[in-house]
Amino acid sequence: MRHTCLRLQVGGETLFVKGTWFPSRFDLSITDGLHSWTCNASETEVSRRAEQWDQPVDEYIALAEQYLGFQQPGSTYGFHDAGDDQRRLSWTFEKQGVKLEWRWKCQPSSNSKQTTAGILDFLMDSNVQLSEEVVRKTQSYEKIKAEAEKCLVQSEKLSKEKAEFESAVYSKFVLVLNSKKAKLRELRDRLSKIESSGKALQEEDEDEFTDKTVSFNEGSDINEEEGDEESKEDIKNLPGTSKSVVAARSKGPKRKSRR
């Protein structure tokens with residue numbers, strides 16, 4: 001069971017329509033502050049009308065609650081005289097591009113004061129509940145707001161600490177980097193000096209080696225010439241040479257020729 005109360009402006013007068021909704025039926029109480037009316041839609045009547053509109057009962061109830069629980073901007077409401085102090089409550093809606101109208105007849109209340117008092121009590125209770133809900137929501141909002149402000153302060157503090165930490169780390173990094181650069185420059189200069197010294201020593205060694213090679217080559221040429229002359233003399237003095245043999249043969253006894 002659900003309850004709704006609609007403040008309705010119809011034809012220059014203000015009405016309050018209180019609805020009590022059940023799964024297969026509903027009750028309406030209507031007042032203008034001076035008179036009141038009631039409409040008790042039975043299960044049989046609701047079922048018959050739902051069948052006429054080719055709708056399930058629960059869908060029919062939900063659609064009626066939608067239009068009588070909250071005033072719909074595109075709907076045209078009416079509360080017209082139906083004779084014998086009866087009134088006809090009507091409202092329009094669109095379905096598949098067609099504008100339709102539902103109407104329910106309302107009977108004069110047997111106890112107008114009680115009906116009006118019941119609507120006012122419901123409105124007062126609803127107002128109290130809404131006020132309490134507003135207070136709870138406001139308290140919750142203030143609490144969340146305080147927590148948000150606290151989080152904001154904490155966030156700003158952390159952001160400041162982060163910036164200070166990054167600045168300090170960057171400064172130390174720059175110092176270390178500059179120190180490393182200076183060390184690299186020193187090593188590079190030392191390496192350049194070592195390379196220059198090594199190159200000079202290498203050139204001196206090459207020059208000295210070249211001088212020794214030239215001297216050695218000159219001495220070798222002289223020795224080779226002297227050796228060649230001595231070899232020639234030795235060859236001449238050898239007993240087994242061709243000249244010695246010829247000389248020996250010429251000095252030997254001559255053979256006598258036969259006659």
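This report walks through a predicted model of one protein chain, from its overall layout down to single residues.

## Ground rules

Because the model is predicted, local features need pLDDT of at least 70 and side-chain atom pairs count only at pLDDT 80 or more, while totals for chains, interfaces and linings use all residues. Residues are numbered from 1 along each chain as its sequence is written, and side-chain values use heavy atoms, with hydrogens and water left out.

## The big picture

Let's start with the layout. The chain has four helices and seven strands; here helices (H or I, at least four residues) and strands (E, at least two) are DSSP runs, numbered from the N terminus. If you follow the sequence along, the pattern goes β-β-β-β-α-α-β-β-β-α-α.

How much of the chain is buried? Of its 259 residues, 20% are buried, where buried means under 20% relative accessible area, exposed means over 50%, and partly exposed is in between (1.4 Å probe, protein chains only). The chain's accessible surface is about 20400 Å², and carbon and sulfur atoms own 53% of that; such areas come from the Shrake-Rupley method with a 1.4 Å probe, and for residues only the protein chains shown count as cover.

Now for contacts, meaning heavy atoms within 4.5 Å. Among the chain's contacts with a separation of 6 or more, 43% are between residues 24 or more positions apart.

Strand E1 (residues 2-10) pairs with strand E2 (residues 13-21) in the antiparallel sense, over nine bridges. To count as a pair, two strands need at least two bridges found by DSSP. Gln9 sits opposite Thr14 in E2. Together E1 and E2 make a hairpin with two residues between them, and Gly11 in the turn has a positive phi of about 55 degrees.

## Helix H2

Helix H2 covers residues 57-69, which is 13 residues. From first C-alpha to last, H2 reaches 18 Å, close to the 18 Å expected at 1.5 Å a residue; that expected span is 1.5 Å times one less than the number of residues. Several H2 residues are buried, including Tyr60, Ile61, Leu63 and Tyr67.

Ser90 lies in strand E6 (residues 86-95). Is Ser90 buried or exposed? Ser90 counts as buried because its relative accessibility is 4%. Setting aside neighbours within four places in sequence, Ser90 is in contact with Thr76, Tyr77, Gly78, Glu101, Trp102 and Arg103.
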